[in-house]
Amino acid sequence: MSFFAILLGIFEGFRVTFSIVVVGLCYAVPFAFCFGILQYFSKGPLYVAVTAIIEFWRSSPVVILLFVFYYSLPAFGITMSAFTVGSLVLGLNTGGYASQAVRAALQSLDRGQYEAGVALGLPRFQILWSIELPQAVVSMVPTFINLWIQLIKGTALVSLITMVDMTARAKEIAQIEYNPVGIYSGLLLAYLIICYPVTIFGRWVEGRNSQEKRA
Amino acid sequence: MCSSITDKTEVQNAVTISELSKFYGEFEALKHIDLEVTQGERVVVCGPSGSGKSTLIRCINGLETFQSGGLEIFGEAAGGKRNGKTDPRHKTGMVFQNFNLFPHMTVLDNCTLSPRKHKRGTRDKLDALALEVLDKVKIKDQADKYPSQLSGGQQQRVAIARALCMEPEILLFDEPTSALDPEMINEVLDVMVQVANEGNTMICVTHEMGFARKVADRVVFMDAGEIVEIAKPEDFFSTPKTDRAAEFLSQVL
Ligand SMILES: Nc1ncnc2c1ncn2[C@@H]1O[C@H](COP(=O)(O)OP(=O)(O)OP(=O)(O)O)[C@@H](O)[C@H]1O
Ligand SMILES: [Mg+2]
């Protein structure tokens, strides 16, 4: 098998990897904003509850979460497809990290911004939506891009719960043909090929943001 | 001592503060403040650092809560906490020491944000109104720029325009020129004089004594959380009644 043929073989798992990432992001981004904002606003018992949920998703090892959700939960009558488990666990784990970027970005804004909003008679929600979030999002971009890339790399773990993603394809090819160097460097290259555009996208967004302030 | 020395008794009170006390924890930042400001009156508040000037002005517009006493805006009671649309404090506009412009919005959008969100009119109409106000503060040509592209003096004039665009009945200023380079102070003071001469009710914390002399109806001198002296500017500057005011004046003049 030529290196190119190996790469093509690996990319047969691309659809799975790609859809886990896309659906994972659909969990991660809303989770990050909801819980980051909730943590920013809440006090007392609500704060503790919100923080506990975030910490659960952020601090548990992804491999263990995958096993628990895929292999243990059915024992309690909850059965989810490997795809659902993979995207949910990876997405919310990423979302847990990202929520901290959201909260930190909101907290690090100059308090004068909030006060100016109050002085203009804007309701709290409006201050968040029109004044705080637009500024916070800009400072969240680098972290979000990093986490996105981490999510892509993390998808390699779904091969452990029977999904045939790029990593699982590489292992399949490795069983047919003894060529560890070719196959695994091909796999590395495959992840690089899908991660790098995200990096470029991130640079583009950051460039646009900093331009906006000057232009 | 604290009663109004203007005798326009038929004029409505814009702000009535009675026995207002404000604590930060154990620390009493405002001690039983009494102050009445009539409609159209221009009051300058001065006093040493930490005397509670900012705290007083922030209580008036609801950025700080207070623990006891009363605050009325045009006869309507305002509680310690600012309370949505029905709070009479929506009639106050505020200009901050550090401008606090919104860096992600153009000058024009900074000015129209509040009127837009309060649905005061169509976007076109509000833009036109804001441009008129920006013209008044002599910065209309910068309407499409972002705050970071302006000098400090220009930014503060935008902040004044933004406050004016709310069409407030009372304008509050908290040391609007203290963060400015000396050469920019006058352009802001000129605008403030102009705004004052249009008959707005103004309460202005400032140490710009020239400004106080020019526009203030009364000067309120605070020290250690109390109003120590209230007088007409010409009296206050030439013959302060209290030692504390005399000492303060000897330091700033
Ligand atoms: N958030 C706060 N928590 C605790 N104490 C505060 C707080 N804000 C102000 N203070 C205290 O209240 C007192 C009055 O503060 P304030 O800012 O009103 O003074 P000021 O007269 O505006 O002074 P300056 O001229 O320096 O602006 C000060 O002793 C200050 O330390
Ligand atoms: Mg102050």
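A residue counts as buried when its relative accessible area is under 20%, as exposed when that area is over 50%, and as partly exposed in between, using a 1.4 Å probe and protein chains only. By this rule, 47% of the 215 residues of chain A are buried.

The structure is a predicted model, in which local features need pLDDT of at least 70, side-chain atom pairs count only at pLDDT 80 or more, and totals for chains, interfaces and linings use all residues. Residues are numbered from 1 along each chain as its sequence is written, chains are lettered from A in the order in which they are written, and side-chain values use heavy atoms, with hydrogens and water left out.

**Chain A**

Chain A holds nine helices and zero strands, where helices are DSSP runs of H or I with at least four residues and strands are runs of E with at least two. Its further values are listed below.

| Property of chain A | Value |
|---|---|
| Box filled by C-alpha atoms, along the principal axes | roughly 70 × 50 × 20 Å |
| Accessible surface (Shrake-Rupley method, 1.4 Å probe) | about 10800 Å² |
| Share of that surface belonging to carbon and sulfur atoms | 69% |

**The interface with chain B**

Contact, meaning heavy atoms within 4.5 Å, joins 22 residues of chain B to 20 residues of chain A. In chain B, B:Asn100, B:Phe102 and B:His104 lose the most area to chain A, together 24% of what that side buries. One salt bridge is found across this interface, a salt bridge being a side-chain nitrogen of Lys or Arg within 4 Å of a carboxyl oxygen of Asp or Glu. The side chains of A:Glu115 and B:Arg58 form a salt bridge, at 2.8 Å from N to O.

Key:
Buried area = accessible area lost by both parts, 1.4 Å probe.
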